Amino acid sequence: MGGQRVEAAWDRLGSWARANAPNAYADGVRVGPAEIEAAGRALGVPFPEELVALSRCRGRGGLGRLPGGALMKPDEIVSRTLMTRDLLADAGDGEAHDDYWHHDYLFFAEDDVNGLAMDCRPGDGFGAVGHFSEYSGVGFDRASLAAYLEELADSLETGSAFDGYVPIAFDGDLVWEPAGGDREEPHPDPRSLLAVRAALARPAEQASATGPARGSQPAPEHRSPAPDAGAERAGGASAPLFVRQVVRPAPEPGAWQNTDGDGRARYTCLSFVHGIDEDELLRRYGALTEPPHRWTRPEVVAAVERRCLPAVRVGRAAGGWVFAAEEWHDHIEPSGYGMRVETLRRLSAGTRAVALQIADPRMHVFDDGDIVSEFGTNLLSREGRADLFESAKERSGLEAHGLTARVRLALLRGLLRRELGIDLADHALRGPLTAAHFLPLLLDPPAASPFGEGMGRRLADVPDQRLRSALAEQVRHLAERSGLAAYPEVGRALEDVGRGWTGPVDDDSPLGLRLRTVRAETEAIQRIRFVGRRKAPAEPIALNRAEELAWWRREEAACALHALVLLPPRVAAPVVRHARHTPHWRADLLAEIAAVRSD
């Protein structure tokens, strides 16, 4: 009975492939009964009737590949199964691995190191089918091979999801796309976590404010505005708030000591800029327009946790340099925001800037927006460019093997003192320093996988402007659905993009500030979860799931808008595709292009 079900399902798979995705159809692979019997004897387990039936079915052709992997011939089943047995036997740990792989399991389809497996143990589970993962072992989720193939045939014929993926027939191929979509709808009017946290932190931070910053105060429009509690809804559906304002005192080691007494990283990043003052350094870092504070290191750590917004302390070093210190351990940006290329381009405008990652020492040196030296990274080497301080680094011994992080940091300190005149005293970070919260600068659009050959061929003859217009329509839909389009500056940008406007987007422009704030909202969600897990896992967080989802969708729409403004349309298109969360993105994009043609 099971064999007949396998044969019927196999014929359905082959008929669908011939009619809808001929490139996915494979000619027959003849397997004789003797081969099947020999494989069973070699493994010492009986082949279930359904697997024998599938081996016979392959002789008349059909679907070339299952979603879980390519079907294997009997000799391949034997070699792969025996190899897995041997690997576990060689583990030599004396432990049973039945929850990972049992002696009586066998493979019948493989996808690199993963694949599909069948349970051949006697009992009720005999013939069950499931996915094998290199990391987690086998999880049997179908009672039989017939059930697996029948469900797969239903998916192809109806377009329904199979194991979280939707079958798409395109350009003769069968493509499995993530099903996408959300089980719950994003909140239509989410609260601003930044605004909620700012309101809670206001009494503590007003007490530490120092009034106008020292030196020449930049014009207000040049500083990132503080997220306005009035601009975002602070009421609405009630949700409990996570508040933490008690901070234990911490030791005050020297500026170049990279760990506290317990061995944890003391801070993530030190940045130096030549020829500007502290106020300009704060502006370039993206500081809010609030009055700056005078904070010690424990106070700045507490401030970050109160508002879930990064903060930086600044001061003066010898030789005309100013410095900025990020003094909390941040899982979102473990190397420090100062190490970002986007930050260093802005810090070094018209001058020179240096950033050091402390715990695992690395270095970037930028001159007027362009990297000229590095240590521990590969930005220059990827571009095949020479390092300005290559010979100096060789002389310093930085490249020697076996050095501890503390020794490398000391060598970097000496290199900066000799080559750049940067000399930061050991006591420079002790006591209170001028400090401010900042909105991280705009990130460069993320790299996205290019379209496959089929879609690439379909778009080859589409003019760039027509493609950009189609993508602009998709971005507009994203912005409207997520609520991002409700911001006036985003609405104006969408209109401009529709008329052909291209970037760059200035960090301090209304659009730049909005995109940065949306990004900061999602980082705040991550940060409050991290603080809660680390210190008080039982306490609730500020936003509910629907509100969090709304901010994630807004950030994805913001990223797509930024990419379309800044990049050529064929480079921006995969970024837009990623934000849309639909398996039917190919048909949707082609429909948008056709609509542009008919205008």
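Which exposed residues does the face of helix H1 turned away from its buried side carry? That face carries Gln4 and Ala19, where exposed means over 50% relative accessible area, buried under 20% and partly exposed in between, with a 1.4 Å probe and protein chains only. The model is predicted, so local features need pLDDT of at least 70 and side-chain atom pairs count only at pLDDT 80 or more, while totals for chains, interfaces and linings use all residues. Residues are numbered from 1 along each chain as its sequence is written, and side-chain values use heavy atoms, with hydrogens and water left out.

Helix H1 covers residues 2-20; helices (H or I, at least four residues) and strands (E, at least two) are DSSP runs, numbered from the N terminus. With 19 residues, H1 reaches 27 Å from its first C-alpha to its last, close to the 27 Å expected at 1.5 Å a residue; the expected span is 1.5 Å times one less than the number of residues. Its buried residues are Gly2, Gly3, Val6, Ala9, Trp10, Leu13, Gly14, Trp16 and Ala17. Seen down the axis of H1, these buried residues fall within an arc of 160°, so they line one face of the helix. The arc is taken from the directions from the helix axis to the C-beta atoms.

Helix H6 (residues 193-208) can be checked in a similar way. Its 16 residues should span 22 Å at 1.5 Å a residue, and the end C-alpha atoms are 22 Å apart, which agrees. H6 also has a kink of about 55° at Arg202, shortly before the proline Pro203; the bend at a residue is the angle between axes fitted to the seven residues ending there and the seven starting there. Among the buried residues of H6 are Leu193, Leu194, Ala201, Glu205 and Ser208.

Next come the empty spaces inside the model. Rolling a probe the size of a water molecule over the atoms shows where empty space is left. A cavity is a set of points, on a 1 Å grid over the protein atoms alone, where a 1.4 Å probe fits but cannot get out, and lining residues have an atom within 4 Å of a point. The lining of the largest cavity includes Val31, Leu51, Arg58, Lys73 and Phe108. Helix H3 (49-57) and helix H4 (74-90) each supply at least two residues of this lining, and H3 gives the most, with three.

Several loops also deserve a look. Asp112, in the loop between strand E4 (105-111) and strand E5 (114-119), has a phi near 60°, a positive value in a residue other than glycine. Asp112 is exposed, with a relative accessible area of 65%. Asp368 has a positive phi near 50° and is found in the loop between strand E15 (362-367) and strand E16 (370-375). Asp368 is exposed, with a relative accessible area of 53%.

The loop between helix H15 (488-498) and helix H16 (510-535) holds Pro504, and the peptide bond from Gly503 to Pro504 is cis, with omega near 10°. Trp501 is found in the loop between H15 and H16 and is partly exposed, with a relative accessible area of 30%. Trp501 and Leu564 are 63 residues apart in sequence and 9.6 Å apart in space, C-alpha to C-alpha.

Note on methods:
1 Å grid on protein atoms, 1.4 Å probe; cavity = no way out; pocket = protein on both sides within 12 Å on 5 of 7 lines; lining within 4 Å.
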